[in-house]
Every structure is written in C-alpha cells, then in structure tokens.
Amino acid sequence: MIEPSQVGRRLRRGSIRHRLMFWGLALLAVALVLNTVAGLIYTRRGMQKSTAELQAEVASSTARRIQSFLARKIERLHDTGAAMTMFSPGGEEQRLLSLLLMKNDPSFSEIAVLDSHGMELLKFSETQVYLRSDLRDRSASALFLTAARGQVFRGPVFTSNRAEPHVTLAVPLKQGPQKVEGVL
C-alpha cells in the first residue's frame, strides 16, 4: 500500500505523461523560436543583398544617364566652338554665338571664351554681368591647360547654393586638326 506522504509527492511531481507532454511542448517552443530566428536572419540577409543589388543597378543607370548628358553637352560645346572658329576671337559673332548657346540650352549657366594664351575674351552668366575688368587670366588653370592640348576638360562636380549639381567643361577652339586658337 502507498503511504499518504508518497501520494502527495507523486502528485506534486506529476505523472510521466504530464512530464513528457511538458518536455515535448518545451522542445516544440524552442524549435519554433529557433526557426523564427533563423528565418528572420535569412530574410534579413536576403533583403540586404537585394537592396545592395538594386542600389548598384540604380547607381549604374544614373552614371550612364549622367555620362550621356555630359556627352551631349560636350558635343554642343564642340559644335558652338566649331562655329566660333570662323570668326575673330572675342568678336561680336562669338559673343552672339555664346549668348545663343546659353539661351537655347539652359543647362549652361556660364560661358567664357579664352584666347590661345588663356586670357578671357568674353564671359557670360545667367546670374551675373561681367565687365571687361572682370575678365581674368586663366593660363595656369587646369581647364585651360587641358583644352589647350586639344582635350576636353571635365571638372569635379560641385553643388550650388540651391543644391543643383554643376560641372565645369572646357573644349578647345580648333582652327585645324592640330592648331588650338582658344578655349570655350
């Protein structure tokens, strides 16, 4: 026969069936928690990888668009420069061509025509009026030295006080294939 003290101990510990059910539920809960954590980690890594791939694609597409935009602007400068070489440096015709370029293409905010020695002959801006006394010697500047060698100069990108990106471009004004008579 079972003594009353043993019955109390047995009831406190529970039957084996209750203990097995408790441990089974505990193991199931641990498995669910681990599965959830592993799923979160896997999903997070997948999302980070997808985000990085998307950002790389957007950056690449944006770079191609900017490169295409700059190529069109350089081509526009070359065309204007070719027309300018038919006229005397700093003359009225070059002034009109510069103003026409700024009027027809609002992406150009400032235009300067330099002679073969790097002195500014003409300078126009959409926001500023330049006088003869404002014209400077640019002979030591990188833009003049690069364009004087017959190459296109592309300066660094900077932002205006309205947060618009700006870049300085310079193209040679060529009289012939090898003769540079100025810079635009």
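In this predicted model, helix α2 (residues 16-84) and helix α3 (residues 92-104) pack at an angle of about 160°, and their axes lie 10 Å apart. Axes are lines fitted to C-alpha atoms, for helices over the stretch in contact, and angles run from 0 to 180 degrees between N-to-C directions; helices (H or I, at least four residues) and strands (E, at least two) are DSSP runs, numbered from the N terminus. The two helices α2 and α3 are therefore roughly antiparallel to each other, a term that applies to angles over 145 degrees. Their crossing is right-handed, that is, the near helix is turned clockwise from the far one by less than a right angle. On the α2 side, R76, L77, T80, A83 and M84 meet Q94, L97, S98, L101 and N104 of α3, where contact means heavy atoms within 4.5 Å. By class, this contact of α2 with α3 has five nonpolar, four polar and one charged residues; Ala, Val, Leu, Ile, Met, Phe, Trp, Tyr, Cys and Pro count as nonpolar, Asp, Glu, Lys and Arg as charged, and the others, Gly among them, as polar.

Helix α2 has 69 residues and reaches 100 Å from its first C-alpha to its last, which is close to the 102 Å expected at 1.5 Å a residue, the expected span being 1.5 Å times one less than the number of residues. Its buried residues are L70, K73, I74, L77, T80, G81 and M84, where buried means under 20% relative accessible area, exposed over 50%, and partly exposed in between (1.4 Å probe, protein chains only). These buried residues pack against α3 and also against the strands β1 (110-115), β3 (153-159), β4 (165-170) and β5 (172-174).

T85 lies in the loop between α2 and α3 and, at 13% relative accessibility, counts as buried. Leaving aside its neighbours within four places in sequence, T85 is in contact with L173, K174, Q175 and E181. A163, in the loop between β3 and β4, has a phi near 65°, a positive value in a residue other than glycine, and counts as exposed at 61% relative accessibility. L131, in the loop between β2 (120-125) and α4 (142-148), is likewise exposed, with a relative accessible area of 53%. L131 and K174 are 43 residues apart in sequence and 26 Å apart in space, C-alpha to C-alpha.

Residues are numbered from 1 along each chain as its sequence is written, and side-chain values use heavy atoms, with hydrogens and water left out. Local features need pLDDT of at least 70 and side-chain atom pairs count only at pLDDT 80 or more, whereas totals for chains, interfaces and linings use all residues.

Note on methods: Parallel < 35°, antiparallel > 145°, perpendicular 65-115°, else oblique.
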